[in-house]
Amino acid sequence: MSRHGISWHRLQSWHLLVFGMITLVFAPAILFVLWSPKGGNSRSSPSLDETWNSIEHVVQFSPTVEYINGSEVIWQIPKSAKAVLFIAHGCHGRAVNFWDRSPNCLNCIGLPEERLLVLHALAKKYAVITISSSMECWSFLKDKNKVKSILKWWLKEKKLMGLPVVALGASSGGYFISALATEFHFCSLTIMISEGIFKVMEAQTNYPPTLFVHMPNDVRRMELVAETMEMLKSKGVPIAEVKCPEFPLTPTFLSDRIPGLDERTSIRIFEVFKETGILNENNYMTREGRSISWQKPLRRRKVISDAKNEWEGHIQEELNLAYGYHEMTSLQSEQIFDWFDSHLYEPQQTS
């Protein structure tokens with residue numbers, strides 16, 4: 001073999017060695033990017049292509065409103081329901097937030113994220129029941145027995161007692177269902193923008209599988225969620241988390257998400273937000289939506305009326321969501337209902 005041939009052979013061997021080392025180092029990372037198990041820990045990219053009416057061809061609202069033991073209860077049961085979902089709102093919320101205004105519910109508000117969560121649930125054959133808290137926020141002492149009584153009566157009355165029951169709660173509602181699960185059998189939970197009540201959950205044996213949906217911009221909440229997850233994991237409870245990042249607004253984002261808000265108004269709002277620095281050069285919110293008086297520049301430019309606009313609460317919710325800080329979200333519905341579907345254990349046993 002010539003000297004040139006030996007040098008080329010050595011060079012090839014060296015390249016193969018380097019390639020092999022790189023493969024060993026980076027292959028796990030590549031595999032992690034390409035594959036992530038359902039129900040595992042993930043940083044969710046929001047499904048921004050979904051619009052307020054994108055699943056109305058599958059299911060439509062037809063709720064029933066009742067007042068049971070002094071509590072506002074709104075529910076809907078799809079044909080061939082496979083499970084039941086109880087949803088607990090956050091502070092300042094009510095059951096009416098989850099349903100569109102209709103002849104069946106004249107006082108319903110239909111906030112964008114709440115209504116889409118319900119529509120996704122109904123489309124997946126979950127009967128949905130929402131109950132208003134007794135006070136501004138949920139009180140375990142005041143609401144616990146009332147909600148237990150309503151759920152048990154309603155399940156029996158609607159002949160749903162053979163179905164598994166799951167629960168989703170946001171903020172104050174997350175704390176509430178985390179404690180309610182120690183006294184009422186849920187097959188699984190989704191606790192949103194809340195870490196749950198640590199001491200109550202820690203003391204409980206056979207705690208239900210729990211998915212935490214939270215927003216990393218709320219750093220302290222993220223730390224508390226991590227602590228609760230570690231505690232539940234040490235007890236052998238199945239857990240997972242979905243992290244909901246901030247995302248940039250688009251000119252039609254608000255009209256895509258809010259029923260009744262037209263595209264022209266949405267584009268004008270976007271333009272005003274750009275002009276006034278509410279959005280940065282990459283169209284991200286510069287501050288959390290609740291800390292910005294975003295209504296003032298819109299009123300000055302006659303984009304919304306001086307009187308309280310019927311869409312202010314809807315817009316506020318979407319701005320909070322875009323900033324990724326302490327808000328109800330339906331953008332991760334696929335992960336949420338994958339979690340529920342994968343933990344529909346034995347039917348609940350009511351006493």
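Student: At what angle do H2 and helix H10 (residues 312–323) pack?

Tutor: This is a predicted model, in which local features need pLDDT of at least 70, side-chain atom pairs count only at pLDDT 80 or more, and totals for chains, interfaces and linings use all residues. Residues are numbered from 1 along each chain as its sequence is written, and side-chain values use heavy atoms, with hydrogens and water left out. Helices (H or I, at least four residues) and strands (E, at least two) are DSSP runs numbered from the N terminus. The helix axes, lines fitted to C-alpha atoms over the stretch in contact, are 8 Å apart for H2 and H10, and the angle, which runs from 0 to 180 degrees between N-to-C directions, is about 80°.

Student: How is H2 oriented relative to H10?

Tutor: Angles under 35 degrees count as roughly parallel, over 145 as roughly antiparallel, 65 to 115 as roughly perpendicular and the rest as oblique. The angle of H2 with H10 is about 80°, so H2 is, relative to H10, roughly perpendicular.

Student: Which residues of H10 make the contact with H2?

Tutor: Contact means heavy atoms within 4.5 Å. H2 contributes Pro 112, Glu 113 and Glu 114. From H10 come His 314, Glu 317, Glu 318 and Leu 321.

Student: Is Glu 318 buried or exposed?

Tutor: Buried means under 20% relative accessible area, exposed over 50%, and partly exposed in between (1.4 Å probe, protein chains only). Glu 318 lies in H10, and beyond four places in sequence its contacts include Pro 112, Phe 253 and Arg 257. With a relative accessible area of 0%, Glu 318 is buried.

Student: How many residues of strand S5 (residues 126–131) are buried?

Tutor: One side of S5 has Tyr 126, Val 128 and Thr 130, and the other has Ala 127, Ile 129 and Ile 131. Both faces are covered. S5 is largely enclosed by the rest of the structure, because the buried count is six of the six.

Student: Which residue of S5 is the bridge partner of Ile 87?

Tutor: Two strands pair if DSSP finds at least two bridges between them. Strand S4 (residues 83–88) is joined to S5 by five bridges and runs parallel to it. In S5, Ile 87 is partnered by Thr 130.
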